[in-house]
Amino acid sequence: MDDRGGSFVAVRRISQGLDRSNTCHSSSGSTAWLGRGLSCVCAQRRESDARPSFDLTPAQEECLQRLQNRIDIPYDGSVPEHQDALRDLWNAAFPEEELHGLISEQWKDMGWQGKDPSTDFRGGGFISLENLLFFARNFPKSFQDLLRKQEGDRSVWEYPFAVAGVNITFMLIQMLDLEAVKPRTLVGATFLKFLAENDSAFDLLYCITFKMMDQQWLSMRASYMDFNTVMKSTRRQLEKELLLEDIMRLEDVPSYKLLTR
């Protein structure tokens, strides 16, 4: 992506996995990707919209506050913990390849917009890196399948994996209204019930959503220009599944079964 915010990096599918010498190509396109100068893929609400609020139990309030504290942390490339997490993400993604530096052309192989991933974390903060790392550690097969685009009849021009991940983090924060004092939507209130039972519920929901998004991508035969449409469809499907009857935990959500370890 250039400094004017007028283009993004799309990933061209390589039929035999990742080609290290020529994986990413610059392409001008729509402002679908969250990043410098890019608009959010999520629908915006008017400030005048009347929305109900839902009372929380003390346990839910505590869990929400912990999650909000995570959301408030920006990615800071000067913090050793953040540097270590970024290295850990690389090692989880490409255990067979040594990383030459936290600023390196190698990062484009993961689907970052440039050689410095820190510029792409601005929209999602440190939690978006934590989400990716949780996905890589807990569902390594699904993580690798999505990273390397190994499933389905795919588009010639694919979505960049890592930048899509940051978009998903941001979309979930919006959808669940997690920056509010208390949830103002039924889906947000429902999620907090899961969070009170599982402190990693947001990270787990992220993994479910990423896999769901890829399934939507394949079923819609989407290409990079369709990313906005795919994300909106994913949000609708996710809200529908979270509000199904008899969903007592996130593992009961139908799309959870798409994940493999």
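This is a predicted model: local features need pLDDT of at least 70, side-chain atom pairs count only at pLDDT 80 or more; totals for chains, interfaces and linings use all residues.
## Ground rules

Local features need pLDDT of at least 70 and side-chain atom pairs count only at pLDDT 80 or more, while totals for chains, interfaces and linings use all residues. Residues are numbered from 1 along each chain as its sequence is written, and side-chain values use heavy atoms, with hydrogens and water left out.

## The nonpolar core

The largest nonpolar core has 70 residues. Such a core is a set of buried Ala, Val, Leu, Ile, Met, Phe, Trp, Tyr and Cys residues joined through side-chain atoms within 4.5 Å. Buried means under 20% relative accessible area; exposed means over 50%, and partly exposed lies in between (1.4 Å probe, protein chains only). Met110, Trp112, Phe191 and Phe210 have the most contacts inside the core. Helices 1 (58–71), 2 (80–93), 3 (126–138), 4 (140–147), 5 (161–175), 6 (186–197), 7 (201–219) and 8 (227–242) each supply at least two of its residues. Helix 7 gives the most, with twelve residues. Helices here are DSSP runs (H or I, at least four residues), numbered from the N terminus. In soluble globular proteins, nonpolar side chains tend to be buried together.

Phe191 shows the packing up close. Leaving out residues up to four places away in sequence, Phe191 touches Leu67, Leu176, Leu178, Ala201, Phe202 and Leu205. A contact means heavy atoms within 4.5 Å.

## Helix 3

Helix 3 is mostly covered, with ten of its 13 residues buried. Those ten are Phe126, Ile127, Ser128, Leu129, Asn131, Leu132, Leu133, Phe134, Phe135 and Ala136. Their cover includes helix 1, helix 2, helix 4, helix 5 and helix 7.

The length of helix 3 also checks out. At 1.5 Å a residue, its 13 residues should span 18 Å, and its end C-alpha atoms are 18 Å apart, which agrees. The expected span is 1.5 Å times one less than the number of residues.

## Helix 4

Helix 4 is largely enclosed by the rest of the structure, because six of its eight residues are buried. They are Ser142, Phe143, Gln144, Asp145, Leu146 and Leu147. Helix 2, helix 3, helix 5 and helix 7 are among the elements that cover them. After helix 4 comes Lys149, with a positive phi near 55°.

## Gln106, a buried loop residue

Gln106 sits in the loop between helix 2 and helix 3. Its relative accessibility is 8%, so Gln106 counts as buried. Beyond four places in sequence, Gln106 touches Trp90, Glu97, Glu98, Leu99, His100 and Gly101. Trp90 is 16 residues away along the chain, and the two C-alpha atoms are separated by 9.6 Å.

The side chain of Gln106 makes a polar contact with the side chain of Glu97 at 2.9 Å. The Gln106 side chain also reaches the backbone nitrogen of His100, at 2.7 Å. A polar contact is a pair of N or O atoms within 3.5 Å; within protein, one must be able to donate a hydrogen and the other to accept it, and residues adjacent in sequence count only if both atoms are side-chain atoms.

## Ser255 and the cysteines

Ser255 is found in the segment after helix 8. Its relative accessible area is 7%, so Ser255 is buried. Ser255 touches Ile208, Met212 and Glu241, not counting residues up to four places away in sequence.

Cys63 counts as buried at 7% relative accessibility. Cys207 is buried too, at 0%. A disulfide is a pair of cysteine sulfur atoms within 2.5 Å. By this rule, the model has zero disulfides.
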